[in-house]
Amino acid sequence: MVILIFVIWICVLMRDMFFRIPTFFSLTPHKDGGKMFPYLIEERENKKSSRGASPRKSSTERNENRSTARLQSIPVSKSIPHSPTYPISVSPTSPTPSSPTSPDTRRGSRGKRDSQFDYKSDAAKKVEIIAKNRDERRQKQADERAIRHQILHLEQNNPYWEFSQMIDEYRAGLDFRPLRDNDAVVENQIVVCVRKRPLNERENRRREVDVMSVPTRNQLVVHEPKQKVDLTKYVENQHFRFDYVFDDTCNNDLVYKFTAKPLVKTIFEGGMATCFAYGQTGSGKTHTMGGEFKGKQQNFKSGIYGLVAQDVFKLLNNSKYARMNFTVSASFFEIYGKLVFDLLAKKQRLRVLEDGKQQVQVVGLTERIVTKVEHVLDLIQKGSLERTSGQTSANSNSSRSHAVFQIILRKGGSKQVEGKFSLIDLAGNERGADNGKSNRQTRIEGADINKSLLALKECIRALGRRGAHLPFRGSKLTQVLRDSFIGEKSRTCMIALISPGNFSVDHSLNTLRYADRVKELIANDSMEMDDDPPLAIQEEEENTEVDEEMLRAEEKRLQLSSLEWELRESQRHVIQSCVNFHDMACDLYNNADANGFDRLSDAEQWRNLLKEIVDIQKGALIKANEFCLALESE
Ligand SMILES: Nc1ncnc2c1ncn2[C@@H]1O[C@H](COP(=O)(O)OP(=O)(O)OP(=O)(O)O)[C@@H](O)[C@H]1O
């Protein structure tokens, strides 16, 4: 009996061995012939099936079929005792070839195969994991692409939708408390504010994104669109604070109430008032100063010139000032480079002279006596039509000149000026040239504009320091406005105008930095004032050389600081791009071993990546050279 049981046990063992050996050998050819690379088999099979029935079968196919047949012929239950290296789980059905193009279908077919063959080496398992990860990554990328296309479609092909979304998200977290009509009016000697206009038709057509947020009455956030070296988009949020910030819903009346209106009484009390509109071409200077446009028509009543005129006549009839018997007159001229033209006398050329008392006179300037608002509006209209217009890329009707409209008060028939309100629509503040296409004339205009804006900033700074040296001879503009920057009673208001679109963000940032600097200087200088006694104006003004020299030094200092800023920015960019480059290069390198790898696409990606990093580094090298040269020439 024992012997019989022993014989049966031996038989069972031998039967197991008998079945295990052929199963093992049947898998071996697949390792070389394709089971290590299941996609290759699928692709070959697909190619064959797409070519039609081929009379000759490849060795792989023959092996595959042979092994399948062998596996199918195994006359045992579906499960065979486990081997540590080749886990066994055999399905009687053969694998169905699937398209290699879709990661999903590939995954599906592999899933089926997995259930048929569980004999896998460690290497085979690793390969499968790599392939699975790659499939998942590709699927994820495809999903993201699909979502992006869907959004792009919804956004009607808006190329900036990602920035738009990021800005919307940022805005969702802001607590908006914009300026209201009943907010308090500050009575500073120098007021600096910013006005943001709405996106115009042209910007809307280009689907530009509004990159300016005005959360409160005195704050502004610029969302600067940026892009990393790996093309990831992001926005850099820069914060500014001014006396007031007017958002795109504010009209001219509101802007006037907080800017020029508080200055009107100054001229009735023996002071000088100035109001500047500063900003890029097309940012809304003329709209603010001259009046709102309806098509080509301008409503002069709604501009700051017209609104000041209305208040001047109101105050003239006020019992407090009526007895002073003021006469009101107005003049309108423009400064184009070093030339001055009378806008009320067919643009007659005027000369600027300094008299013995160092009073600056615009010789021959037309000054019309006005007795009612309508007279003033007529003069504004006449002068506005005469203004110099040139051609720039940003605004085909761009003003390349400073327009100066003045309302002057004199007592009775006296020649003595009691008060003067100067309202200045400055030329566009674009740097020296608009772009590479600008001609020599445009570049000269740009350089003159820059020089005068620089001098203007210095003069406002001097006003803030009460009695400090006034570099008014730095430009024609500051020369003719000399008396506006002296005297305790003088007050100034600067309205910086910005365009909200992403295309204008660089110019808008320049405008904001300029305005910020005017305000910052006031704050710093008022502190300096406590230590330094004011210098005698007379003594300083005699030295004309100092003016020019000072301006040149300031210009150089500004140029150096701008170069340094650019150097730091490019440095930051290089560092950031190197980090991104490293990540992307590793990714490319690691994925190069993966299954189904496309050599051409991989090489192209690598080439683009290298090109990009080299370009960034070349740009940074240019900036570094420029800064070194500037420092060496000091
Ligand atoms: N706040 C605003 N609301 C509506 N439209 C505006 C606003 N500001 C400006 N615009 C429009 O934008 C366009 C350009 O404005 P504007 O001519 O005032 O610019 P600018 O800064 O004076 O340019 P330039 O320096 O070339 O004279 C005009 O059509 C104007 O109507």
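Modeller: The protein chain, which is a predicted model, has a secondary structure that comes to 19 helices and 16 strands. Of its 634 residues, 32% count as buried, and residues 24 or more positions apart account for 70% of the contacts with a separation of 6 or more.

Biologist: What makes Ser283 buried or exposed?

Modeller: A residue is called buried when 20 or more other C-beta atoms lie within 10 Å of its own, and Ser283 has 27 of them within that distance, so Ser283 is buried. Ser283 lies in the loop between β6 and α10 (285-289), and, leaving aside residues up to four places away in sequence, Ser283 touches Arg197, Leu497, Ile498 and Ser499.

Biologist: How do you know whether Gln280 is buried or exposed, and what does UniProt list for Gln280 and Ser283?

Modeller: Gln280 has 23 C-beta neighbours inside 10 Å, and because the cut-off for buried is 20 or more, Gln280 counts as buried. Gln280 lies in the loop between β6 and α10. An unreviewed UniProt entry lists both Gln280 and Ser283 under "binding site", in a list that also includes Gly279, Lys285 and Thr286.

Biologist: Why are Gly619 and Asp483 called partly exposed?

Modeller: The label covers counts between the exposed limit of 12 or fewer and the buried limit of 20 or more. Gly619, in helix α19 (residues 599-632), has 14 C-beta neighbours inside 10 Å and therefore counts as partly exposed. Asp483, in the loop between α15 (476-480) and β16, has 15 such neighbours and therefore counts as partly exposed. From C-alpha to C-alpha, Gly619 and His573 are 10.0 Å apart in space and 46 residues apart in sequence, while Asp483 and Val360 are 8.1 Å apart in space and 123 residues apart in sequence.

Biologist: Why are the buried residues of α9 said to line one face of the helix?

Modeller: The buried residues of helix α9 (residues 261-268) are Leu263, Val264, Thr266 and Ile267. Seen down the axis of α9, these buried residues fall within an arc of 155°, so they line one face of the helix. They pack against β6 (272-279), α11 (304-316), β14 (402-411), β15 (417-425) and β16 (491-498). After α9 comes Gly270, whose phi is positive, near 80°.

Biologist: What makes α9 and α11 oblique to each other?

Modeller: Two packed helices are described by the angle between their axes and the distance between the axes. The axes of α9 and α11 come within 10 Å and cross at roughly 45°. Angles under 35 degrees would count as roughly parallel, and those from 65 to 115 as roughly perpendicular, so the pair is oblique. α9 passes α11 in a right-handed crossing, where Lys261, Val264, Lys265 and Phe268 in α9 meet Val308, Asp311, Val312 and Leu315 in α11.

Conventions. Residues are numbered from 1 along each chain as its sequence is written. This is a predicted model: local features need pLDDT of at least 70, side-chain atom pairs count only at pLDDT 80 or more; totals for chains, interfaces and linings use all residues. Helices (H or I, at least four residues) and strands (E, at least two) are DSSP runs, numbered from the N terminus. The arc is that of the directions from the helix axis to the C-beta atoms. Two residues are in contact if their C-beta atoms, placed from the backbone, lie within 7 Å. UniProt positions are given in the numbering used here, feature names are shortened, and annotations may be inferred rather than shown by experiment. Axes are lines fitted to C-alpha atoms, for helices over the stretch in contact, and angles run from 0 to 180 degrees between N-to-C directions. Angles under 35 degrees count as roughly parallel, over 145 as roughly antiparallel, 65 to 115 as roughly perpendicular and the rest as oblique. A crossing is left-handed if the near helix is turned anticlockwise from the far one by less than a right angle, and right-handed if clockwise.
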